[in-house]
Amino acid sequence: MNDTFYVTTPIYYVNDKPHIGHSYTTILADVLSRYHRLLGEPTFFLTGTDEHGQKVQKAAVANKMTPIEQCDTTVVRFKELWKKLEITNDDFIRTTEPRHKNVVRKILQELFDKGEIYKAEYAGRYCTPCERFFQEKDLVDGELCPECKRPTDKIIESNYFFRMGKYQQWLIDHINSHPEFIQPDFRRNETLGFLRKPLEDLCISRPKSRLEWGIELPFDKNYVCYVWFDALINYITGVGYGQDDAKFAKWWPVSYHLIGKDILTTHTVYWPTMLKSMGVEQPKTIFAHGWWLIGSEKMSKTTGNVVNPMEMAEKYGVDAFRYFLMSEMSLGNDASFTEEIFVTRYNSNLANDLGNLLSRVVKMIGKEAGGIIPAPGAEMEHDKELRETVLDAVSAMEATLLGMKIDRGLEQVMTAIRAANRYMEKTAPWKLAKEKNTERLNTVLYTAAESLRIISGILSPVMPAKMCEIRKAIGITDNQIDINTLKMWGKLQPGLKVVDIGSLFPRIDVKGEAVKAAKSAETVAVAEDLITIDDFKKIKLQTAKVLEAEKVEGADKLLKLQIDVAGEKRQLIAGIAQFYKPEEVVGRTIVIVANLKPAKIRGVESRGMLLAAKDGKTLKLITVDGADFPTGCSVG
Ligand code: MSP
């Protein structure tokens, strides 16, 4: 374990209000920070805003404000949102603050003095409407802007350049010798791919005649600094670089720079080479997550599908929103957001599973044990099973938080919650009460309440306020959670008084009547869609063994399986990559539709289809594992 944990989010542009993408990274950083604090590690969490450059200047003009007025107005939207979302950042850095600007100037001057920055004439094609430079080779029909297809102008401009190119080989070597430096692995390959072409020097200035809103270069007042060169430096100015050496030494190098996949090059090429030329140590890990798509569409203002996190939190609750984002996105891949997906997960995981467990345990203790957590008697098989499942979920959550696979940890906690609900049904405490079997009744009630103590503790980094409510409901008033007490069974004190806090996650009635109407129409359609036994017999279901599995390149959801069906080798493409790692399916005996017409999926041949059960957003393979079945057996 590290002795300190330092995590950052990108600093967000203040040209517009925050959207779901911004809230995702910030919540992720918050969950990691809360978890590392729970582990007892000194933790520093930095977020902030990127306030210079073209985008902000343009927004200011559109809003009839000065650039700083634009920043001051918009930064409030971010700060208010982080407060609403219970974000526990230790600092918030704005790039217009003197503590940042002064250090950026100092760095620029030092690099200029060392010859790491030089002036040169730059000839290129400039698109005035897009306000961007392009290289000749990227133009359409030799002269049109590749973005807006309008004519470009030839511009010869003097600018300042950072000698980025000379660090190319060093960077490739660093990436190769530090596999944890860029994560996930496929993003590392993306950067290495980018580095296969010669790395050019980076233009780090903009003439004031074109852009005024930026940090003035200390060695030439006719220029401002390129916004990325200024912005990346926030990660060190935010922890005292150039101002407070002890503070900087305490937190740097950063444990995680969390970023979205679109800003990979700036973070894994520009930033490391900048640090190298400054003589500053490299970040430990730069982790790029995927994007939130709206349904299957890119989110965009023009389409009008931008999700406002403030509205979501207000409508469905902050903790439910945090939980959804953490459980729905498998880190690294894209995920889909729609209110329907949200409500399905909410109703199933939070209302049905967790909310229901709390309410039945508290009610039962209220009714059958006078509202007091009873002392348990001897442990029996069902109790032991639940204890082990709950403690396993604690280890899984810990491992997946450290391994950046949070969605999987949460899935395992949900499995433990469902096990606790089943435990209540199997042990039937209401019957034990009727039979006056008090010792057994007490053990069951204690076991269920103790499960809730541990589950609420382990979920607290994701849903801090709601998990506090669970603790209150089972009589715990102290809100200091220590990870060690979550790994130990039996820490819940008998004698605590339970409190009925009402419904923790009230079920959401999805658009009431509209849904009911749709459902009844569906029932009729289903009734009319009945098939005969002969229809069914046309489908050949067979067992098959998975010999090999790998991801399909460029497709987040697909696994390519090599299977054995009664001695015949086949290849099958399955949309299960978000639920199973390749190594998790190898060796399993699955069920396939063997006589499906072969098809090409993303250009890869697939012969057959596997069966899996799907509930909203969880998926489980249908297998005959453990039964020692040969492959090729018929299923039906
Ligand atoms: N200011 C730069 C970052 C500088 S960091 C030194 C910037 N700002 S941004 O406001 O445009 O974007 C910030 C982050 O939002 C990026 O990580 C980007 O990936 C993320 N997202 C933007 N749209 C997104 C989704 N639809 N989904 C998830 N995150 C996305 O870039």
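Predicted model: local features only at pLDDT ≥ 70, side-chain atom pairs only at ≥ 80, totals over all residues.
The side chain of Asp-50 places an N or O atom 2.7 Å from a nitrogen atom of the ligand. Trp-292 contributes through its backbone instead, where a polar atom is 2.9 Å from a nitrogen atom of the ligand.

Several local features of the chain deserve attention next. Most residues other than glycine have a negative phi, and most peptide bonds are trans. Against this background, the bond that joins Gln-183 and Pro-184 is cis, with omega at about -10°. Pro-184 belongs to the loop between strand E8 (182–183) and helix H6 (185–194). A cis bond also leads from Trp-252 to Pro-253, where omega is near 5°. Pro-253 sits in the loop between helix H9 (245–251) and strand E13 (256–260).

Arg-206 shows how parts of the chain that are apart in sequence are brought together. This residue is found in strand E10 (residues 205–207). Tyr-160 is 46 residues away along the chain, and its C-alpha atom is separated from that of Arg-206 by 8.3 Å. When neighbours within four places in sequence are left aside, the contacts of Arg-206 are Asn-159, Leu-211, Asn-222, Tyr-223, Val-224 and Tyr-226.

The remaining paragraphs concern helix H15 and its partners. Two packed helices are described by the angle between their axes and the distance between the axes. For helix H14 (residues 381–402) and H15, the axes come within 8 Å and cross at roughly 170°. An angle over 145 degrees counts as roughly antiparallel, and H14 is therefore roughly antiparallel to H15. Among the residues that make this contact are Leu-386, Val-390 and Met-397 of H14 and Leu-410, Val-413 and Tyr-423 of H15. By class, the contact of H14 with H15 comprises 13 nonpolar, six polar and five charged residues.

Helix H17 (residues 438–459) also packs against H15 (residues 406–427), with axes that come within 11 Å and cross at roughly 165°. H15 and H17 are therefore roughly antiparallel to each other, and their crossing is left-handed. On the H15 side the contact includes Leu-410, Ala-416 and Met-424, which meet a set in H17 that includes Arg-440, Val-444 and Ile-455. The contact of H15 with H17 divides into 11 nonpolar residues, three polar and one charged.

Helix H13 (residues 339–368) meets H15 at another angle: the axes come within 10 Å and cross at roughly 45°. That angle makes H13 oblique to H15, and the crossing is left-handed. Residues including Asn-349, Leu-357 and Arg-360 of H13 make the contact, together with residues of H15 including Met-414, Arg-418 and Glu-425. The contact of H13 with H15 has eight nonpolar, four polar and four charged residues.

Technical notes:
Residues numbered from 1 in each chain as written. Heavy atoms only, no water. Axes fitted to C-alpha atoms, helices over the stretch in contact; angles between N-to-C directions. Helix = DSSP H or I, 4+ residues; strand = E, 2+ residues; numbered from the N terminus. Parallel < 35°, antiparallel > 145°, perpendicular 65-115°, else oblique. Left-handed = near helix turned anticlockwise from the far one by under 90°. Contact = heavy atoms within 4.5 Å. Nonpolar A, V, L, I, M, F, W, Y, C, P; charged D, E, K, R; others polar. Polar contact = N/O pair within 3.5 Å; in protein donor to acceptor, adjacent residues only side chain to side chain.
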